[in-house]
Structure formats: structure tokens, C-alpha cells
Amino acid sequence: MSIDYRWLYDIVRRRFESDEALEAFLPKALTPEELKQKGDDRYLSAMSQRVFRAGMQHSVVDAKWPAFEEAFWGFVPETLVLLSPEQIDGYMKNDRIIRHRTKLQTIPKNAQFILDIHQEQGSSFGEFIASWPSGDIVGLWRLLAKRGARLGGRSAAAFLRLAGKDTFLLTSDVVARLIAAGIVDQTPTSQRDLQVVQGAFNELQQRSGRPLCQLSAMLSLSINPRF
């Protein structure tokens with residue numbers, strides 16, 4: 001089973017007044033070169049922001065993020081990998097940030113993850129992310145879930161979206177469209193089902209030339225016009 005791109009485009013296009021309005025609404029991913037130019041500190045910041053967003057209103061976390069940036073010295077991995085339990089205790093007394101011990105403890109862990117990738121690949125984390133093929137984005141999700149702290153489930157894709165890497169999201173609306181199309185019969189969680197979903201997105205991308213993030217948004221709009 002597959003999704004016909006022309007049908008998808010036509011149903012989504014009807015939600016908008018013009019072609020320009022549709023294109024302006026759809027999300028944009030950063031180019032590989034833009035991803036490479038971002039410092040490792042920006043990736044650690046995005047990882048941490050995603051961790052704190054999980055289970056909370058995003059607007060609450062985002063409003064406090066400038067205070068996080070200040071409290072954590074700009075999220076430089078080489079600095080934050082050295083955070084001690086005593087320093088975490090100190091952050092638990094800082095009312096300018098969100099005081100969640102388990103989430104705070106992920107910051108030095110994810111700093112170490114970024115530094116490990118840097119050492120293993122001989123390149124920046126941004127170069128590593130930029131070089132990962134979109135045709136296997138679920139493989140990158142798997143790596144992030146395995147080696148990162150609290151980056152499992154939907155958090156891997158959400159982090160990549162925050163960082164600017166092209167990825168699709170498995171929101172309830174996207175899943176509903178995939179089920180309606182007969183691609184999967186339930187929310188995909190197994191590696192087998194995720195590979196099937198990846199294949200469906202790869203086919204749509206080949207037919208449309210669009211990035212995964214836009215195809216994901218279009219699938220959502222085909223179910224929920226208020227997306």
C-alpha cells in the first residue's frame with residue numbers, strides 16, 4: 001500500500017487560499033551546510049530543550065529557555081560534561097529554571113554523548129547529523145534513543161526538528177493517515193513497522209521532491225485541517 005502524492009497535494013491544497021499560502025505554511029529544514037555550521041552547544045541546547053518539553057507545555061519551557069542558556073553557560077558540551085551531583089543540587093534551588101532532577105541529570109549525559117560522537121567520527125556533531133541520509137531517518141532515531149539520555153519515543157524526532165534536521169514526525173494525525181492508507185495497522189513502534197513507514201515516506205519524497213518535514217505536515221493536514 002502507498003499514498004498517492006497527487007491526491008495528497010490536492011486535498012491539502014484545498015485548505016489554503018493559494019499555492020503561496022500553502023508553501024509559506026509548510027515547515028522548512030536546514031540545509032546540510034547550515035547544520036554543519038551550528039556548534040555542538042546548539043545541539044546540546046536543543047537536546048535539553050526537547051527533554052524538558054516532554055510532558056510539559058512547550059510554551060512554558062520555551063519561555064524559560066533564555067534562563068537555561070544563562071544558567072548552563074551556553075550549553076558548551078566540554079563544560080557541562082563535568083557537572084557534578086553537587087552542582088545539580090544547586091540547580092534544584094534555581095527558581096529561574098525548571099527544577100526537575102531527572103531531566104537536569106540528562107544534560108551532562110548528553111554532553112558526553114555529543115563528545116563521544118565527535119571523537120568517534122572525527123567531526124562535529126553537526127557534521128554527523130548533516131551527513132545522515134534522510135532515507136534512513138528512523139535509523140538516526142534509533143541511535144539517539146540508544147545513546148542519548150531521554151531521547152527515546154517521539155523525542156528523537158522532536159529533537160531533530162528543533163535542531164533543523166529534516167525528519168518526519170509520527171503525530172496522531174500522521175499515524176491516522178498511515179493507518180487509513182493501509183501502510184500500518186497501529187501506531188508504529190517496532191523497528192519493522194518503522195521501516196515500513198520510512199519506506200512510505202521515501203516513496204513520497206521521490207515522487208514529490210519535498211523534504212520529510214513537509215510531507216509529514218501534509219499528511220497531518222489531510223486528516224486535521226486545523227493542524
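The buried residues of helix α11 (residues 137–147) are I137, V138, G139, L140, W141, L143 and L144, where buried denotes under 20% relative accessible area, exposed over 50% and partly exposed the range in between, for a 1.4 Å probe and protein chains only. Helices are DSSP runs of H or I with at least four residues, numbered from the N terminus. The structure is a predicted model, in which local features need pLDDT of at least 70 and side-chain atom pairs count only at pLDDT 80 or more, whereas totals for chains, interfaces and linings use all residues. Residues are numbered from 1 along each chain as its sequence is written, and side-chain values use heavy atoms, with hydrogens and water left out.

The buried residues of α11 pack against α9, α10 (125–131), α12, α14 (191–208) and α15 (212–223), contact being defined as heavy atoms within 4.5 Å. The axes of α11 and α12 come within 8 Å and cross at roughly 110°. Helix α11 is therefore roughly perpendicular to α12, a class that covers angles of 65 to 115 degrees; axes are lines fitted to C-alpha atoms over the stretch in contact, and angles run from 0 to 180 degrees between N-to-C directions.

K165 is located in the loop between α12 (155–163) and α13 (172–180). K165 is buried yet lacks a salt bridge, and D166, the nearest side chain of opposite charge, is 7.4 Å away; Lys and Arg count as positive and Asp and Glu as negative, with His and the chain ends not counted. A salt bridge requires a side-chain nitrogen of Lys or Arg within 4 Å of a carboxyl oxygen of Asp or Glu. A polar atom of the K165 side chain lies 2.9 Å from the backbone oxygen of I129. Residues up to four places away in sequence aside, K165 touches A29, L35, I129, A130, W132, I137, L140 and L160.

The structure holds 11 salt bridges. One of them joins R147 to E120, with the closest N and O atoms 2.7 Å apart. This pair links distant parts of the chain, R147 in helix α11 and E120 in helix α9, 27 residues apart. R147 is partly exposed at 33% relative accessibility, and E120 is partly exposed at 47%. Within helix α1 (residues 5–13), R6 and D10 lie 4 residues apart, about one turn of the helix, and form a salt bridge with a closest N and O separation of 3.6 Å.

How values were computed
Helices (H or I, at least four residues) and strands (E, at least two) are DSSP runs, numbered from the N terminus. A polar contact is a pair of N or O atoms within 3.5 Å; within protein, one must be able to donate a hydrogen and the other to accept it, and residues adjacent in sequence count only if both atoms are side-chain atoms. Angles under 35 degrees count as roughly parallel, over 145 as roughly antiparallel, 65 to 115 as roughly perpendicular and the rest as oblique.
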